[in-house]
Amino acid sequence: MKNHLTLSQRIHNAAASQEVENVKARHTYLHGRADATSEWARIWSRSDDCSWAHAFGRMRGFDQVWFGSVTSYDAMAMGNWLELYKTYPEVGGKDPRPLMEASVHTLVTDIIEVADDGQSARGSFITPGVIHSVLTAHQEKYCNVLWERYGSDFVLEDGNWVYLHEHVCGYFNKTRQPELGC
Amino acid sequence: MDKISRNYSDEELITRVWDVENIKKLVHKRVYYLAEDRRADELKELWVSDPKHQKTASFGRNWGYYTGMDEIKAYYVDNHNTRLLEQKELNAADDLNVGNMYAHPASTGLVELAGDGKSAKGMWYCIAQETTALADGTADARWILEKVAVDFLKEGDDWKIWHIVIAMDLNCEAGEAYEKQSVYVDWDNDPVKCEFGVPTIEKLLHDPTFNWWDNYPFMPEPYASFCDEISYGPEGFVITADKVFAAGEGRNYK
């Protein structure tokens with residue numbers, strides 16, 4: 001309990017914690033549509049210091065993060081669409097990005113700490129997620145089970161909470177679990 | 001704080017924080033009511049009670065909406081209870097719901113309280129499990145993945161559910177290889193669709209064949225006050241020109 005903060009500061013930090021929770025959930029719902037453009041355009045800092053890390057390492061600076069998380073991700077979606085359209089002609093005219101897959105990183109077990117000055121926040125989350133898709137190049141739908149842990153830093157920019165850093169640590173990625181029916 | 005909340009006094013802001021926490025609790029309570037199959041209690045205690053709001057309440061699934069609390073109750077409680085009585089008799093069970101399970105834990109909450117504090121919108125995702133006991137002593141156990149979108153109203157001091165849309169992405173039998181199942185789902189034999197019956201407004205709201213391409217239900221955004229355009233009731237479902245489709249449309253070209 002941060003008793004040294006005034007009541008007003010505590011109220012504002014409680015509201016900030018809820019805002020950060022929403023930012024994190026927005027990530028899930030935007031990523032579920034593979035809408036990387038909206039995700040990085042809306043809820044990320046443009047800072048040269050921002051970073052996004054996974055098992056492969058860390059992307060640093062907004063331009064590198066954008067290339068890795070938006071440009072390259074869109075390329076995967078376009079490539080997937082080019083493999084789909086002859087087998088499934090109904091994909092014509094539809095945004096290729098959500099057709100790639102629904103990557104749903106559900107969020108539980110959150111811990112959010114807002115800084116005393118109310119200008120930044122840090123969060124931990126566990127995601128017992130699923131990645132599923134129906135129309136695929138190999139003509140078999142799939143549902144992968146993917147559990148990960150997030151460490152996230154957020155900053156308040158122009159009155160809006162945005163990501164500054166994200167570190168994703170995989171727990172396990174189990175593809176096609178017939179014993180779970182997925 | 002977002003651009004809206006920065007303009008609130010401390011007292012207004014703590015009221016908003018409190019409201020959001022109560023809205024989260026309301027949705028979590030619904031999960032427990034569902035698990036205990038207390039559907040009538042859910043409608044009575046967690047849903048709107050003002051007759052004006054009850055008239056415009058709605059319950060949507062992939063295939064349409066039930067509108068008005070009478071229609072919702074007929075589907076959600078009465079028809080369900082009739083099926084449970086039939087199951088009890090068929091299974092020679094001692095009681096209703098013997099061997100059944102309804103687990104829909106809610107995760108990934110996103111709550112947007114209106115600027116005027118009178119309404120709110122929220123979204124959750126459930127990796128759910130439902131089991132139905134069968135007469136031969138076995139059970140039909142299913143994994144169900146679903147997005148849940150809710151409109152809330154404040155009635156007096158209490159937050160209540162007004163509109164709900166449960167958009168199912170996947171429904172597969174546990175223990176069966178999902179990838180070996182038919183790519184196109186036979187919805188007419190889907191247990192959730194069969195249970196949903198024929199809604200007041202029959203309309204394809206979410207076709208998971210294309211994952212989340214149709215973007216329904218859409219994610220809640222910050223807003224000042226409630227209007228039909230952003231509703232999770234039937235008023236807010238709009239098929240834009242680039243989303244004109246019927247299930248299977250464009251599929252048959254060789």
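Residues are numbered from 1 along each chain as its sequence is written, and chains are lettered from A and ligands numbered from 1 in the order in which they are written. Because the model is predicted, local features need pLDDT of at least 70 and side-chain atom pairs count only at pLDDT 80 or more, whereas totals for chains, interfaces and linings use all residues.

**Chain B**

Chain B holds five helices and eight strands, where helices (H or I, at least four residues) and strands (E, at least two) are DSSP runs numbered from the N terminus. Along the sequence their pattern is α-α-α-β-β-α-β-β-β-β-β-α-β. Overall values for chain B are as follows.

| Property of chain B | Value |
|---|---|
| Radius of gyration | 19 Å |
| Box of the C-alpha atoms along the principal axes | roughly 60 × 55 × 30 Å |

A compact globule of 254 residues would have a radius of gyration near 18 Å, with which the value for chain B agrees; the radius is taken over C-alpha atoms, and the globule rule is 2.2 Å times the number of residues to the power 0.38. Of the residues of chain B, 38% count as buried, meaning that 20 or more other C-beta atoms, placed from the backbone, lie within 10 Å of the residue's own.

**Helix 1 of chain B**

B:Asp37, with a positive phi near 55°, follows the helix.

**Contact with chain A**

Chain A contributes 46 residues and chain B 43 residues to the contact, two residues being in contact if their C-beta atoms, placed from the backbone, lie within 7 Å. On the side of chain A, helix 1 of chain A gives the largest share, 14 residues.

Helix 1 of chain A and helix 1 of chain B pack at about 40°, their axes 9 Å apart; axes are lines fitted to C-alpha atoms over the stretch in contact, and angles run from 0 to 180 degrees between N-to-C directions. The residues making this helix contact include A:Ile11, A:Ala15, B:Leu13 and B:Val17.

How values were computed:
Buried ≥ 20, exposed ≤ 12 C-beta atoms within 10 Å, placed from the backbone.
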